[in-house]
Amino acid sequence: MFLSFPYMHSELVSAEVAGDVLFFDPGLNEDSGENMFRPEGLPLDAKTARALINDCINFGEQFKDPSEMAYFGAVTSDDFYEGSSMSIQAQLTRQFDDGMGGKEEREKKEAAARAQFVLLLAWFFEEKMIELRSIEQGVKDSWKSMDKTLGVDDGDRIDERVLDLGNRESHTGGVSDEQFVPLPWKRIIEALPAFIPAGAVLLCAEEDIIAAWEDMDIAFSPEVNEMGLPKGAMVATLPAWKFAGRRKEPVGMPQALMEVTVAIIR
């Protein structure tokens, strides 16, 4: 099984990559879509997942100054969960505080729920990226329609005799000119091993991420065509926390200790 990394929506990857992979579905919606992989037995059902996402939105809306919210991006995940006015940490813990099973089993389930929560946030963020891109394109199309109404042609744009409003006035405050705010891919790659099956390969074609791994001195080897990967693919298998750039094993994140296979294509 080839899974797209880091994006979980086909709209955000090239057509060449999208045709060869499945896309991870963390369970935010009741039903999974085409070309999606949703693992069985996710700890959080769709109703609970949606409630947690809504709590995060409400939490973020408390901040008038973005720099205040940025603080929570720098602290640990525990600090973030506890910092929420809705106490997201308590909600995740309460899901499994039913007295069933031993302490170790409950802690394992809670860790899986945290991992799913990271993927849910990334999924929701991607949907907003797609929404902003659609708005951006709509604004550009409207300006181009106005250009035509005013009699502006391509020659005018090339000679720079007029202002190309379609390019200058389309910024929506989020995505602009097909540039995307990067996902927290380091958190994503540490969360995925909790749910992907043995033998699954994460397929990455994002140059920024590949460059980051090269800076980490992660050694990728040529694929010898046993996996059926695209020609020229390079492969590495390591514990997830190493792909995330950590210097040592994280505590309380068992899924990050699991090995994952990543294939990069350029």
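A: Helices (H or I, at least four residues) and strands (E, at least two) are DSSP runs, numbered from the N terminus. By that rule the protein chain holds eleven helices and seven strands. The model is predicted: local features need pLDDT of at least 70, side-chain atom pairs count only at pLDDT 80 or more, and totals for chains, interfaces and linings use all residues. Residues are numbered from 1 along each chain as its sequence is written, and side-chain values use heavy atoms, with hydrogens and water left out.

Now the core. A nonpolar core is a set of buried Ala, Val, Leu, Ile, Met, Phe, Trp, Tyr and Cys residues joined through side-chain atoms within 4.5 Å. Buried means under 20% relative accessible area (1.4 Å probe, protein chains only). The largest such core has 62 residues. Phe5, Leu202, Trp213 and Phe243 have the most contacts inside it. Helix H6 (residues 103–150) gives the most to this core: twelve residues.

Take Leu202. Contact means heavy atoms within 4.5 Å. Neighbours within four places in sequence aside, Leu202 touches Leu3, Phe5, Ile189, Leu192, Ile196, Val260, Thr261, Val262 and Ala263.

Next, the sheet. Two strands pair if DSSP finds at least two bridges between them. Five strands make an open, mixed sheet, ordered S1-S4-S7-S6-S5. S1 (2–5) and S5 (221–222) are the edge strands, each pairing on one side only. S6 (residues 234–239) runs antiparallel to S7 (residues 259–264) over six bridges. Thr237 stands opposite Thr261 in S7.

Finally, the whole chain. Buried residues make up 41% of its 266 residues. Among contacts between residues at least 6 apart in sequence, 63% join residues at least 24 apart.

Conventions:
Buried means under 20% relative accessible area, exposed over 50%, partly exposed in between (1.4 Å probe, protein chains only).
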